[in-house]
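Hello,

I am passing this structure on to you. Please look through it first; my notes follow below.

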Amino acid sequence: MSVLTKIARRNIWRSKKRSLIIMIAVSIGLWAGIFMIAFYNGMIEQRINSAITSELSHIQLHHAMFRKEYEIKYELPEGKKMLEMISNDPDIKASAGRIIIKGMIASASGSNGITINGVMPKEEHLLTKLPDKIIEGKYFDNHQTNEILISKKISKKLKINLNKKAIVTFQDKEGNLASIAFRVCGIYKTINGPYDDANVFVKINAIDSLAGIPNSLNEIAILLQSNSTLDNNQKKLQQNFPNIEIKNWKEIAPELGLTVSVGNQMAYILMGIILLALAFGIINTMMMSVLERTWEIGMLLALGMNKFKIFVMIVLETIFLILIGCPLGLLLALTTIVVTNHRGIDFSKYTEVYSSFGYKSVIYPSLTMGQFGIIMLLVVFTALFSAIFPAIRALKINPAESLKK
Amino acid sequence: MKETVIDAHNLSKIYDEKTIPVYALNNVHLHIQRGEFTAIKGPSGSGKTTLLNMIGGLDNPSGGFVEINDTNITALKGNRLIDFRLNNIGFVFQSYNLIPVLTAKENIEFIMLLQNRPKEEREKRVAELLKQIGMEDKVDKRPVELSGGQQQRVAVARALAPKPQFILADEPTANLDSIAAENLLDVMLKLNKEENITFVFSTHDQRVINRARRVITLEDGKIVADTAPTKIEHLLYEK
Ligand SMILES: Nc1ncnc2c1ncn2[C@@H]1O[C@H](COP(=O)(O)OP(=O)(O)OP(=O)(O)O)[C@@H](O)[C@H]1O
Ligand SMILES: [Mg+2]
C-alpha cells in the first residue's frame, strides 16, 4: 500500500499549476463557506439576544386565554402579588408587569391600529431598557400621568411631534369605548421595524382604571440571569402558579426558533453549493489527469497492478489534492472568525435595511464545535465523492489499446 | 531437458469483423521453451504487437488460446488475469516504460512491491540488477533524468527483478541509437544466460535480429519462417 501512497502523493506535484489552482480553490471555498456559517450564527445570536433583552424577555405569564383573544378581561388579578414573589428569586434578573390593550392612536393627520403597553416605568427600565430606545424627548416623568412614548415611525406617519397630543382609543373590560389624550413625552426607535409600527407605551396607572382592571395585570415578563436556567425556572413557576399560562421565548415567538433552523439550513445549503462547485472542479481536473495518463495507467495494468490498486491510487491522489488546500482554508477561516468575533462587524451603514428585519448592526461571527465537525464531515464526503468518478474512469482503461499509440 | 513455457494454439485475431475484416493474426501456432532468446520480425502491420499482446494476456484472441506453464490464460478474466501477469510475465515496452514519479531504484523494485516480497529480498535483488545493468550511480534518478537507453535498461531490470516465467519486449530498441541498442542487447543476453530467463521480443532492426537464437518471421498475421540465424551471421555480429 505504501507504494500507492508514494505514487499518489508525488503525482500531485506533476502538474504544479493545476494542483495549485485546486489548492487555492479549496482554501477559498472553505474559508468562504466556514466564515459564512459563522456569520449566520452571529446574526442569529444577535437577533435572539436582542429579541429577548428588548422585547420578549425569557418567560412571560398570562391568563390562559389572553394570548388567544388579546382581551383585557383575561387578566392576572393577583398579578402584583405574583410579581413581588417572582422578583425575590435570585435566578431572576428583572421582572415587570404590564397591561396590554389593542387600540388606535389618532392625530389630526390620521390614525393607526396599535398595541398600547401600560408599563411600570421603573421595572420596565430594568427589564427591557426602554429608556435606552428613546431618541428624542425623555422617559416617563414621575409626576406626570398622561404621557405616551411613540415610535419614530408612528411619529412620522401620523405627524405627531414631541410634546404634541395624541388620542388613544380602546374598548374597556365591559366593551365600552374609551378615549384618552396623551402628550408625547418621548420618541423611541428599536432595531425591529415591524415592532415599532405597532407599539406605544404609557404608564400602567394611566390606563388601568379606565380599562376597568385597576391594579391588575395582563402580562408578567421575566428576564433570567442566564438562558441556561430557562427550563428549570419555567417548571418552577408552573408549580407555583398552576393555573397561569407560562411560556418561554421560544414558545412565544416560534418564528425565532425557525430563524435559527432556517439560518442553519441556509448556511449548510450554501456550504453544500460551494463544496459541490469545488467537487466538479476537482473531478474535472482529475479526469484530465487520468486521461493524460492513459498510457501510464495502461502500463501499470499490464505490469500487474490490479484494478483495486489503480482505484485506490486515483482516490488517494484526489484526496491528497483536496487535503493540501484544507489547512490553509481552515486557518484563514478560523483566524477571520476569531478576529471578527473579537471586534464585531459593523453594519451601521446598512442599518436601515437591516433593522426592518430585526437585526442589530454589529454582528459577532462564531462557530460551534458541532458545526466544525459537520463541516469536516462534508469536506471528507466531498473528497470521496470527487475521487470516485476519476477512479472509475481509470478502471475503464484497456492496456492493449492504451499501449498502442 | 526442454520445458515449454508458452504454448499458443490456433491463435487468431480479427479486427473490424463486421465491416472489412482484418486478420491481424491468422491461425498461429507457437511454442517457446524455457531459456529461449527469440526475436519476432516482420514488416509493419504484420501482427508482431498483436501476437505479443495475446501471449502476454493483454488482449483476447478471436480464436485459439494461450497456455503458460499449463495455465490457459485466455480463460482468465479481470483481476485474476492481472495477478497472473504480475506473477509470471515481465514486460518491456518501446518507450516510456517507467513510472515517472519513481526513481530508478523504486522502478526496479516496483513489481516486487506489488508482489509483497520481503524488504531484504527486494533490496538485494535491486542492488544486484543495478550492477548487472551498470547503473549503480543512477539509483536515485527519476526517469526524466535518464537517457532513453538507460530507461530501457531499468525497464529490463524491473521486468527481470521478480524472475518471471518470461519477458516480452515489443521493439525495446526502436527508440535507441545503435550503441544504446547494442548495450541493451548485451544486458538482455547476459541476463538470459546467467539467470536462464526466457526473452521474446519483436524488432525491425537487423542487428538485433542477428543476435537472437531463434527468429520468427510474421507476414500478414502468419508465421512464414522460424529459424536460427546462420552461423556466419552469428560470427559476424556476436562479440
Ligand atoms: N485496434 C485495432 N483495430 C483495427 N485494426 C487493428 C487494430 N490494432 C491492430 N490492427 C491491425 O492489425 C494488424 C497488425 O497490427 P500490429 O500492431 O500487430 O502490427 P505490428 O507488426 O506490430 O506492426 P508495427 O511493426 O508497425 O508495430 C495491422 O494491419 C493493424 O492495422
Ligand atoms: Mg508493433
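α1(B) gives the shell around ligand 1 its largest share, three residues. At least two shell residues each come from β2 (22-33) and α1 (48-55) of chain B. Helices (H or I, at least four residues) and strands (E, at least two) are DSSP runs, numbered from the N terminus.

This is a predicted model: local features need pLDDT of at least 70, side-chain atom pairs count only at pLDDT 80 or more, and totals for chains, interfaces and linings use all residues. Residues are numbered from 1 along each chain as its sequence is written, chains are lettered from A and ligands numbered from 1 in the order in which they are written, and side-chain values use heavy atoms, with hydrogens and water left out.

Ligand 1 sits between chains A and B. There are 16 residues around ligand 1 (a heavy atom within 4 Å), and those that come nearest are A:Lys404, B:Ser44, B:Lys48, B:Thr49 and B:Thr50. The shell is made up of four nonpolar, seven polar and five charged residues; nonpolar means Ala, Val, Leu, Ile, Met, Phe, Trp, Tyr, Cys and Pro, charged means Asp, Glu, Lys and Arg, and the others, Gly among them, are polar.

- B:Lys48, through a polar side-chain atom at 2.7 Å
- B:Gly45, through a backbone N or O atom at 2.8 Å
- B:Glu171, through a side-chain N or O atom at 3.4 Å

Of the 640 Å² of accessible area (Shrake-Rupley method, 1.4 Å probe) that ligand 1 has on its own, the protein covers 70%.

Regards

Note on methods:
Polar contact = N/O pair within 3.5 Å; in protein donor to acceptor, adjacent residues only side chain to side chain.
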